[in-house]
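Colleague: I have the model open and would like to go through it with you. Shall we begin?

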Amino acid sequence: MAELNIGKHCQVESCNLKDFLPFVCDSCRGVYCLEHRGREAHLCPEKPETKEFPTVGGSKSHPCSFEDCKGKELLEVICPQCEKHFCLTHRHQDDHKCEKLEVQKPRMAATKELVQKIVESKDTSKSKGRKGAKNAATAAKVALMKLKLHAAGDKGLPQTERTYFQVYLPKESKDRSLPMFFSSKWSVGKVVDYAASMAGLKNNNNVLTAKKLRFCHPQTGEALQMDDTLISLLSHPDTPLFNGGNVILEYLDNECKGLEDISDYIT
């Protein structure tokens, strides 16, 4: 019977051991036994092959296609509809205003129209205060689910403490409004400071002569007291705030008690 020629000899001269399952070096392509398979063990003359990985800001990163966005991702995030690349913030059709955004189904369109009518029907006059508050509460309940999906805030807050608002920003701000959430146990002053930080707003509330950032009621325009807590305002008997509702953030003079025209912010 012919002898089977299985395996190969280790190429280290001082070893020359025949290994039935030899190892091939990735660098020099030599054949070695188990003991000499490492590069240092067989004194490999070749440098190990290095692999380059794309880095943020490098030529291999992928810039977002959304207008004015400077975000980049290591891997492509392609919209299946318009087939353009976007960053994680703008990956959804709604977020990058996709040119091929699907038309809403009739039921969803009707719901959106109903919510819009509720918002437009708000009346800040005293004679219709109760009706306006009821409409605002209904609109807030509808808006709350969407706010929970997009709002920014302290992720460490328990779900039971989170209070969501669509925060309308000062007139000179780049963004008209931003969805945020806060702890219901916080004072209005702490909420103002946190919202200013989230929106990148200048906050001179500790400067005596400067205009102060104040939260204003979305129906009355009245500036909220800085030492009041959110939970007390949510249960106010006459003009409550609503979880999922609106609130206005604006710079006011020290003697100013609120906004004269809230229609400049919420229409």
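Colleague: Which strands does helix α3 lie across?

Modeller: Helix α3 (residues 188-199) lies across β8, β9 and β10, and its direction is at about 135 degrees to β8. Contact means heavy atoms within 4.5 Å; axes are lines fitted to C-alpha atoms, for helices over the stretch in contact, with angles from 0 to 180 degrees between N-to-C directions. Helices (H or I, at least four residues) and strands (E, at least two) are DSSP runs, numbered from the N terminus.

Colleague: What should I keep in mind about the model itself?

Modeller: This is a predicted model, in which local features need pLDDT of at least 70 and side-chain atom pairs count only at pLDDT 80 or more, while totals for chains, interfaces and linings use all residues. Residues are numbered from 1 along each chain as its sequence is written, and side-chain values use heavy atoms, with hydrogens and water left out.

Colleague: In what order do the four strands form the open sheet?

Modeller: The order is β8-β7-β10-β9, with mixed pairing; two strands pair if DSSP finds at least two bridges between them. β8 (177-183) and β9 (212-216) each have a single partner strand, so one side of each lacks a neighbour in the sheet.

Colleague: How many bridges join β9 to β10?

Modeller: Five, and the two strands run antiparallel. Cys 216 has Ile 248 in β10 as its bridge partner.

Colleague: Changing topic, which residue forms a salt bridge with Asp 264?

Modeller: Lys 171, with the closest N and O atoms 3.3 Å apart; the rule is a side-chain nitrogen of Lys or Arg within 4 Å of a carboxyl oxygen of Asp or Glu. Asp 264 lies in the segment after β10 and Lys 171 in the loop between β7 and β8, so the pair ties together parts 93 residues apart in sequence.
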